[in-house]
Amino acid sequence: MLKQRTVKGRLEIYDPIRKKWLLFTEEERVRQIFILYMIGEKKIPESHISVEKEIQVNGLAKRYDIVIFDDQGNPWMVIECKAPQIEITQEVLEQVGRYNKTLRAPIIGVTNGKVHKFFEIDFETEVITALW
């Protein structure tokens, strides 16, 4: 369940991964719902989830939304979250793809809370398969 509170007239949402209260935005709500789904429904340990960390992409500092790591500590899934009113376009898919050139996770995905598009990448054959 999403934890929310109001402090000095400001609505906040709790991030169990970063262990802190954040300004409630539509994108943050989508991110937190996805995190809770992965923890609650998919039984991903919190220790395997990383949120909004900086990486280098083509020499530029970028921040991914969510990365889920496997038991060996390798990136397994990269997820880009958008606010519900943001359409999941080719440009959004390319954004997560650029992040994944650095991370090399076998699964990438984007969600705006209404539309979810996830793909599996075979790096040997370079085949990308839509999962859902």
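Buried, on this tour, describes a residue with under 20% relative accessible area, while exposed describes one with over 50% and partly exposed one in between, using a 1.4 Å probe and protein chains only. The model is predicted, so local features need pLDDT of at least 70 and side-chain atom pairs count only at pLDDT 80 or more, whereas totals for chains, interfaces and linings use all residues. Residues are numbered from 1 along each chain as its sequence is written, and side-chain values use heavy atoms, with hydrogens and water left out.

**Stop one: helix α1**

Select residues 26-40, which form helix α1; helices (H or I, at least four residues) and strands (E, at least two) are DSSP runs numbered from the N terminus. The 15 residues of α1 reach 21 Å from the first C-alpha to the last, close to the 21 Å expected at 1.5 Å a residue, where the expected span is 1.5 Å times one less than the number of residues. Which residues of α1 are buried? They are Glu28, Val30, Arg31, Gln32, Phe34, Ile35 and Met38.

**Stop two: the sheet**

Next, select the 6 strands that form an open sheet with mixed pairing, in the order β4-β7-β8-β9-β10-β11; two strands pair if DSSP finds at least two bridges between them. Because β4 (49-51) and β11 (127-130) stand at the edges with a single partner strand each, one side of each is left without a neighbour in the sheet. Further in, β9 and β10 pair in the antiparallel sense over 5 bridges, and Thr111 stands opposite His116 in β10. Helix α1 packs on the sheet, touching β4, β7 (66-69), β8 (75-81), β9 and β10, contact meaning heavy atoms within 4.5 Å.

**Stop three: the largest nonpolar core**

A nonpolar core is a set of buried Ala, Val, Leu, Ile, Met, Phe, Trp, Tyr and Cys residues joined through side-chain atoms within 4.5 Å. The largest one here has 16 residues, and those with the most contacts inside it are Ile55, Tyr64, Val78, Leu103, Ile108 and Val110. Helix α2 (90-103) is one of the elements that each supply at least two residues of this core, and α2 gives the most, with 5 residues. Centre the view on Leu103, which touches Ile55, Tyr64, Val67, Pro75 and Val78, not counting residues up to four places away in sequence.

**Stop four: Gln95**

Finally, select Gln95, which lies in helix α2. Is Gln95 buried or exposed? At 16% relative accessibility, Gln95 counts as buried. Leaving aside neighbours within four places in sequence, Gln95 is in contact with Glu80 and Lys82.

Notes:
Axes fitted to C-alpha atoms, helices over the stretch in contact; angles between N-to-C directions.
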